[in-house]
Amino acid sequence: MLLEMKHIYKDYNPDKIVVPVLKDINISIDEGEYVAIMGPSGSGKTTLMNIIGCLDRPTKGEYFLEEESIVNYSENELADLRLKTLGFVFQSFNLLPKQTALENVSLPLSYAGIPVKNRKKIAFQALARVGLQDRVHFRPSELSGGQQQRVAIARALVNNPKIILADEPTGALDSHSGIQVMELFQQLNDDGVTVIMITHDANIAGYAKRVLHIFDGRITDDNSQKGDR
Ligand code: ADP
Ligand code: MG
């Protein structure tokens with residue numbers, strides 16, 4: 001099992017009032033799966049993604065990544081795990097506006113301590129993998145939304161993560177660019193990358209092999225055909 005959550009709860013405490021957001025989440029995901037987590041706005045999708053991505057901690061519960069319990073990891077250990085195991089794609093791309101595509105994609109390589117002389121080549125390869133080899137010196141403002149998201153995907157891929165986590169990755173795109181991004185995730189999954197995608201859109205969720213439905217902080221349905229996986 002690549003990822004396992006047992007009885008995960010998350011409360012927020014604004015002004016000392018406890019707001020329960022995730023309630024007894026249990027999820028198991030194998031290596032190579034393509035999973036969509038689908039639910040309406042406010043159901044807890046981003047909260048769940050932040051916990052899956054080790055950007056936030058659960059209030060309660062157990063979380064295993066590659067069979068390792070990580071709930072007691074230090075901030076440094078979590079940062080290391082994010083860098084090596086996880087790649088993130090966000091709705092709003094989150095690219096640095098003054099940096100070129102190549103520089104944006106190189107950034108995680110510098111955090112990972114890859115020598116400067118190797119970074120360019122690796123970043124170029126990641127951009128080629130998303131079809132942007134002829135746009136490497138463009139800045140985000142010189143790229144379309146779909147191209148910016150592909151740069152973000154290249155950045156997510158550049159350290160060879162086991163898991164790509166995407167939160168509403170097509171939410172800011174026109175439908176044509178959205179389909180291109182979905183085809184890219186499909187291709188990555190065919191190459192063996194585990195994809196976990198969050199969406200409120202049933203059409204987008206339809207690209208995944210398995211759909212988990214979240215409603216009011218609980219997983220209400222899991223369409224995985226167990227014999228099929
Ligand atoms: P979704 O991504 O499905 O739209 P979120 O996970 O962003 O849902 O939010 C789920 C609920 O948690 C919402 O009611 C939201 O107001 C609340 N929430 C999210 N983040 C915080 C926070 N940092 N502090 C307090 N409440 C939060
Ligand atoms: Mg959200």
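1. K162 is partly exposed in this predicted model, with a relative accessible area of 31%. E66 also counts as partly exposed, at 33% relative accessibility. For these labels, buried means under 20% relative accessible area, exposed means over 50%, and partly exposed is what lies in between, with a 1.4 Å probe and protein chains only. The side chains of K162 and E66 meet in a salt bridge, at 2.4 Å from N to O. E66 sits in the loop between β4 (60-65) and β5 (68-69), and K162 in the loop between α5 (145-157) and β7 (163-167), so this pair ties together parts that are 96 residues apart in sequence. A salt bridge here is a side-chain nitrogen of Lys or Arg within 4 Å of a carboxyl oxygen of Asp or Glu.

2. A word on conventions before you go on. Residues are numbered from 1 along each chain as its sequence is written, while chains are lettered from A and ligands numbered from 1 in the order in which they are written. As this is a predicted model, local features need pLDDT of at least 70 and side-chain atom pairs count only at pLDDT 80 or more, though totals for chains, interfaces and linings use all residues; side-chain values use heavy atoms, leaving out hydrogens and water. Helices (H or I, at least four residues) and strands (E, at least two) are DSSP runs numbered from the N terminus.

3. How many salt bridges does the structure hold? There are 9 of them. In general, side chains of opposite charge can pair when their charged atoms come close. One of the bridges joins the side chains of D134 and R135, at 3.3 Å from N to O. R135 counts as partly exposed, at 25% relative accessibility.

4. The group around R210 may be worth a look on your screen. R210 forms a salt bridge with D222, and their closest N and O atoms are 2.8 Å apart. R210 belongs to strand β9 (residues 210-215) and D222 to strand β10 (residues 218-222), so the pair ties together parts that are 12 residues apart in sequence. Is R210 buried or exposed? R210 counts as buried, at 4% relative accessibility, whereas D222 counts as partly exposed, at 29%.

5. E33 joins R210 and D222 in a network of salt bridges. E33 lies in the loop between β2 (19-29) and β3 (34-38), and E33 is buried, with a relative accessible area of 8%. A polar atom of the E33 side chain is also 2.8 Å from the backbone nitrogen of D30. Such a polar contact is a pair of N or O atoms within 3.5 Å; within protein, one must be able to donate a hydrogen and the other to accept it, and residues adjacent in sequence count only if both atoms are side-chain atoms.

6. Some polar distances to ligand 1 can be listed. A polar side-chain atom of T47 is 2.6 Å from an oxygen atom of ligand 1. A polar backbone atom of G44 is 3.1 Å from an oxygen atom of ligand 1. An N or O atom in the Y12 side chain is 3.5 Å from a nitrogen atom of ligand 1. Of the 560 Å² of accessible area that ligand 1 has on its own, the protein covers 58%.

7. Y12 is found in strand β1 (residues 3-12) and is partly exposed, with a relative accessible area of 33%. Together with I17 and V19, Y12 forms a nonpolar patch on the surface, with about 250 Å² of accessible area in total. Patches are made of residues with over 30% relative accessible area and no salt bridge, with like charges joined within 9 Å and nonpolar side chains (Val, Leu, Ile, Met, Phe, Trp, Tyr) within 5 Å. Accessible areas come from the Shrake-Rupley method with a 1.4 Å probe, and for residues, only the protein chains shown count as cover.

8. Lastly, a backbone detail to check. Phi of E168 is near 50 degrees, a positive value in a residue other than glycine. E168 is in the loop between β7 and α6 (175-190) and is buried, with a relative accessible area of 11%. Phi of D216 is likewise near 50 degrees, and D216 has its place in the loop between β9 and β10.
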